[in-house]
Amino acid sequence: MVLGASSSKRVRGPTRGKNVDHIRKTLGQPIPVVINPETMSIEGKYATSVACAIGLNIRDHAPVRDIGWGDIDFGIRESIIMRVGQMFGLGDYKNDMVVRRVIDIKCQSLYANWKCDLYKHYKDLKKKKVSDIKSRALYPCNPNDWIFMIENVWETKDWKTKSKRGRHARSCLKFNHTSGSLSFAARAAKFIKENHKKQPFAEHFKETHIRHRLGKDVWINDTAKEAHQEIVRITSDVTNPQTEEHASVEVLGKRSGYLKGYGIRKNTKANAMPSQPIPNPEVVALQEKLANHEKVVANHEKAMADQAKMFQHMLMMVVMKSGIDPACIPGLVSCSGNEEDDTLAGEEDDEVGH
């Protein structure tokens with residue numbers, strides 16, 4: 001009897017979050033997460049895993065509506081964060097406003113990305129002229145949410161106008177980045193951890209705007225390459241070098257509360273001030289060394305002078321107690337100051353009194 005091959009296909013089965021779950025069980029506690037208050041971002045080894053976990057929970061549990069993350073019911077938002085917090089140590093989300101702000105920024109971005117994916121799926125179905133679009137929701141979107149968005153948002157005149165403006169704005173974008181799911185801030189933190197120094201802005205910009213699969217010098221487009229060349233020129237100008245923050249504003253443009261090319265949400269003086277010349281870093285370092293050296297020399301000279309005065313004072317005391325006229329010793333009287341004379345005079349009176 002010959003047995004035929006099985007028609008069923010062997011698959012790996014569910015794998016979402018299994019690796020992270022294994023790490024969590026091994027540690028016996030939530031996986032530690034680094035939240036940087038300066039860059040207002042999640043950093044560290046598990047930054048991408050945290051983002052994936054938040055994204056999965058948003059797709060599974062957040063209602064799909066034409067609103068922002070902050071407009072979702074408070075209880076739903078808290079339950080999503082609580083689920084993620086069981087796997088990752090997110091800090092004191094309830095009471096620490098910085099932690100809450102960082103997590104909410106990430107949630108807002110991921111929630112918007114989820115709705116964007118749904119809309120792309122809807123447009124693809126429209127393009128293919130699928131007749132039963134309302135029954136073809138993208139997993140794991142709730143079918144009721146899918147129908148709601150089609151009827152009340154995507155097929156409305158207001159949304160089509162908004163979508164048209166969005167397409168125009170994206171067409172004005174000079175270039176995209178190739179950093180993938182790893183944020184600029186997380187990439188910068190990873191570089192510091194591995195190399196124990198900050199990555200130069202020009203080098204960071206190049207790594208996030210080249211096509212890595214095609215080669216280290218294949219840029220996303222010529223505009224990005226030209227921007228990199230300008231950043232290098234500005235930051236390496238010996239006669240009038242600029243800070244990397246100024247280079248970001250001058251080359252990549254201004255954006256309120258955000259430093260382009262860094263992925264950092266912060267206010268910087270570079271946003272409000274025109275580029276100003278700054279001292280050459282090497283010159284500043286040499287000036288600091290010179291100032292420190294002069295300070296050391298001055299302290300040494302003062303110590304030597306104090307020792308000389310102390311020795312002069314002791315010698316004068318010995319001479320006077322021995323009944324020798326100080327004038328007979330060359331340089332002893334002339335070298336002693338008025339202060340020493342007054343002090344010795346007072347001490348001499350005390351000796352006579354006794």
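Predicted model: local features only at pLDDT ≥ 70, side-chain atom pairs only at ≥ 80, totals over all residues.
**Figure 1. Contacts and overall make-up of the protein.** Residues are numbered from 1 along each chain as its sequence is written, and side-chain values use heavy atoms, with hydrogens and water left out. The protein has 14 helices and four strands; helices (H or I, at least four residues) and strands (E, at least two) are DSSP runs, numbered from the N terminus. Of its 354 residues, 31% count as buried, where buried means under 20% relative accessible area, exposed over 50% and partly exposed in between, with a 1.4 Å probe and protein chains only.

Figure 2. Helix α6, made up of the 15 residues 157-171, reaches 21 Å from its first C-alpha to its last, close to the 21 Å expected at 1.5 Å a residue; the expected span of a helix is 1.5 Å times one less than its number of residues. Within α6, the residues W159, S163 and G166 are buried. These three cover an arc of only 60° around the axis, which puts them on the same side of α6, the arc being that of the directions from the helix axis to the C-beta atoms. An α-helix has 3.6 residues a turn, so residues three or four places apart point the same way. On the face of α6 turned away from its buried side are the exposed residues K157, D158, K160, K164, R165, H168 and S171. The cover over the buried residues of α6 includes α4 (97-127) and α5 (143-154).

Figure 3. A search of the whole structure finds six aromatic pairs, a pair being two rings of Phe, Tyr or Trp (its six-membered ring) whose centres lie within 6.5 Å, with planes under 30 degrees apart counted as stacked, over 60 as edge-to-face and the rest as tilted. One of them joins W146 and W154, whose ring centres are 5.5 Å apart and whose planes stand at 75°, so the pair is edge-to-face. Both W146 and W154 are buried. In another pair, the rings of F205 and W219 have their centres 6.4 Å apart and their planes at 35°, so this pair is tilted. Because F205 lies in helix α8 and W219 in the loop between α8 and α9 (222-235), the pair ties together parts that are 14 residues apart in sequence. F205 and W219 are both buried. One aromatic cluster is formed by Y119, Y122, W146, W154 and W159.

Figure 4. The twelve residues of α7 (184-195) should span 16 Å at 1.5 Å a residue, and the end C-alpha atoms of α7 are 16 Å apart, which agrees. The residues F184, A185, A186, R187, A189 and F191 of α7 are buried, and the buried residues of this helix pack against β3 (41-43), α2 (47-61) and α8. Just after α7, H196 takes a positive phi of about 60°, although H196 is not a glycine. H196, found in the loop between α7 and α8, is exposed, with a relative accessible area of 71%. Q199 lies in the loop between α7 and α8 (201-207) and, at 7% relative accessibility, counts as buried. The side chain of Q199 makes a polar contact with the side chain of E207 at 3.4 Å; a polar contact is a pair of N or O atoms within 3.5 Å, of which, within protein, one must be able to donate a hydrogen and the other to accept it, and residues adjacent in sequence count only if both atoms are side-chain atoms. Leaving aside its neighbours within four places in sequence, Q199 is in contact with F191, H204 and E207.

Figure 5. The peptide bond from Y139 to P140 is cis, with omega near 0°, and P140 has its place in the loop between α4 and α5. K129, which lies in the loop between α4 and α5, has a positive phi of about 60° although it is not a glycine. At 75% relative accessibility, K129 counts as exposed.

Notes: Contact = heavy atoms within 4.5 Å.
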